[in-house]
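Look at the fold below before reading on. The paragraphs that follow go through its sheets, its salt bridges and its pockets in turn.

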Amino acid sequence: MENSRRKFIKQSAVFAAATYAGTMGMSAKSYGRIIGANDRVRVGVVGFSDRFKDTLLPSFLNHNKELNFDIVGLSDLWNYRRDLGIAHLKEKFGHDIKACRNNDELYTMKDLDAVIISTADFQHALHTIEAVKANCDAYVEKPFAETMDDAKAALKAVKATDRIVQIGSQRRSGENYANAAKYIQDGKFGPITAVDLVWNVNQPGRWRRPDLVAKLKEDDIDWKRFLLNRPSEAFDPRKYLEYRLFWPYSSGMPGQWMSHQIDTVHWFTNLKHPRSVVANGGIYTWKDGRRNWDSMVAVFDYGQPNSEDGFQVTFTSRMQNSVGDVGEVYYSNGGELNLITNKVSPKGGLKEKEAAAMGLKANLLPEFDLSKSEIKAATGANMGGDLLTSGHMRNWMECIRSRKTPNGPVEAGYSHSIANIMTNAAVRTGAKAVFDESKQEVIANGKVFKY
């Protein structure tokens, strides 16, 4: 019964109706009448985080009724947030939600088909492994992994199954980004000469949770289970709730922000990782006990191995002045492709006078609008969540039914993890970080980078 049900939900209702009717001699209309609760995809929640509550859940709710998805269980180590999550989900779905103290309890649920994972950064890869081993599809927040050991193990686990895993790099479901990828891959942009990535805020409270920290007591959670494979460390509510500030539970800026933007570099160019990274970072302003930086700069070399061709990517980020905000700009000899304005323009391109000085011709890109067609209403326009995440969530839900590869496959998460780990290695060792393809390891100062 279980295997037949799982097989059944792999197809959409329409597809199932058409194929079954054709083989069994039934009309699609008559078969459609029996598609109901048995076709429902039952989803569990791994971690009642702010990200889940404020963005992932509203995005899910944009599509769940149409696609016949339901949330049936929630796992959270902390009883306080577990209770909040259960109450919130009961209100949204109008039925009981199973409360689970940990993922072991969640995966004992009968007929659980999929999970949404939004736990601490260092847990994502390991929780993905748990999900696919439990025969569940998974939507996994980024960063995918913060160490190569975790990244390799999770990639191997996913590839050994037929599970649908969507990495939460929602730019991959944005029409403007898809248009940019096609524009570059079609050769219209010309060779990329440089990429500038920027992510600046002025938020002393970013990633801080002082009110929650004051509530959390060691007896409230399973601290050892929280640590998973990280080195043993005394209980600290800040590391549990403000993990983005503390290595090795998070790399901070690279994992939280850069992973989104560096993923577009990999996508647009079909390159899997940088050739090398040099970087620097420090805690210059917000001296609140954090281990991760409040300002950093990384410079990447990208290109084919052993090739003289390539380009540089810079990522700059600071938390104490927001000038520059968020930016993603690609440059070629003919102009720029700007993913904030969604315009391709001849800005900075080779003009006639400068070209003539060297016997060359002007090289100026024509204007092009990357957002010339609107994202479909089905992605959740004017509804909960943001358009990119809503579209990305829908893509995952549709792929659970069609069994097609989602927009953010596990390989994308593996690749952005390599870039993140190289950046972390470069800052923490002061050395140029490279990637050993044969060993699938990040190397700095001639040594494999670990903690």
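Start with an open sheet of 11 strands, whose order is β14-β13-β12-β11-β7-β10-β9-β8-β15-β16-β17 and whose pairing is mixed. At its edges stand β14 (368-369) and β17 (447-448), each with a single partner strand, so one side of each has no neighbour in the sheet. Strands here are DSSP runs of E with at least two residues, helices are runs of H or I with at least four, and both are numbered from the N terminus. Two strands pair if DSSP finds at least two bridges between them.

The model is predicted: local features need pLDDT of at least 70, side-chain atom pairs count only at pLDDT 80 or more, and totals for chains, interfaces and linings use all residues. Residues are numbered from 1 along each chain as its sequence is written, and side-chain values use heavy atoms, with hydrogens and water left out.

Now follow β11 within this sheet. Five of the seven residues of β11 are buried (under 20% relative accessible area; exposed is over 50%, partly exposed in between, with a 1.4 Å probe and protein chains only). The strand is therefore largely enclosed by the rest of the structure. β7 pairs with β11 in the antiparallel sense, over seven bridges. In that pairing V195 stands opposite Y330 of β11. β11 is also joined to strand β12 (residues 335-338) by four bridges, and these two run antiparallel. There V329 has N338 in β12 as its bridge partner. A hairpin of two residues leads from β11 to β12.

Y302 stands opposite F311 in β10.

A further open sheet has six strands. Their order is β3-β2-β1-β4-β5-β6, and the pairing is parallel. β3 (98-100) and β6 stand at the edges with a single partner strand each, so one side of each is left without a neighbour in the sheet. On average, neighbouring strands of this sheet are turned by 20 degrees against each other, direction ignored. Those axes are lines fitted to C-alpha atoms (for helices, over the stretch in contact), and angles run from 0 to 180 degrees between N-to-C directions. Within the sheet, strand β1 (residues 41-46) runs parallel to strand β4 (residues 114-117), and four bridges join them. V45 has I116 in β4 as its bridge partner.

Next come the charged side chains. A salt bridge is a side-chain nitrogen of Lys or Arg within 4 Å of a carboxyl oxygen of Asp or Glu. By this rule the count is 29.

Which residue forms a salt bridge with R51? The partner is E141, with the closest N and O atoms 3.4 Å apart. The pair links distant parts of the chain: R51 belongs to helix α4, while E141 sits in the loop between β5 (137-140) and α9 (148-159), 90 residues apart. R51 is partly exposed at a relative accessible area of 22%. E141 counts as buried, at 5%.

R171 and E328 also meet in a salt bridge, at 2.9 Å from N to O. R171 lies in the loop between β6 (165-167) and α10 (175-185) and E328 in strand β11 (residues 326-332), so the pair ties together parts 157 residues apart in sequence. Both R171 and E328 are buried.

The side chains of R208 and D288 meet in another salt bridge, at 3.0 Å from N to O. R208 is in the loop between β7 (192-200) and α11 (210-215), and D288 in the loop between β8 (276-282) and β9 (295-302), so this pair ties together parts 80 residues apart in sequence. R208 is partly exposed, with a relative accessible area of 23%, and D288 is buried, with 19%. A network of salt bridges links R208, R238, E242, D288 and R290.

Last, the open space. A pocket is an open set of points on a 1 Å grid over the protein atoms alone, where a 1.4 Å probe fits, with protein on both sides within 12 Å along at least five of seven lines; lining residues have an atom within 4 Å of a point. The largest pocket holds about 810 Å³ of space. Among its 40 lining residues, S49, R51, S118, Y243 and R244 are the closest to its centre. α4 gives the most to the lining, with four residues.

Methods
Points joined across faces, edges and corners; volume = space filled by probe spheres on them.
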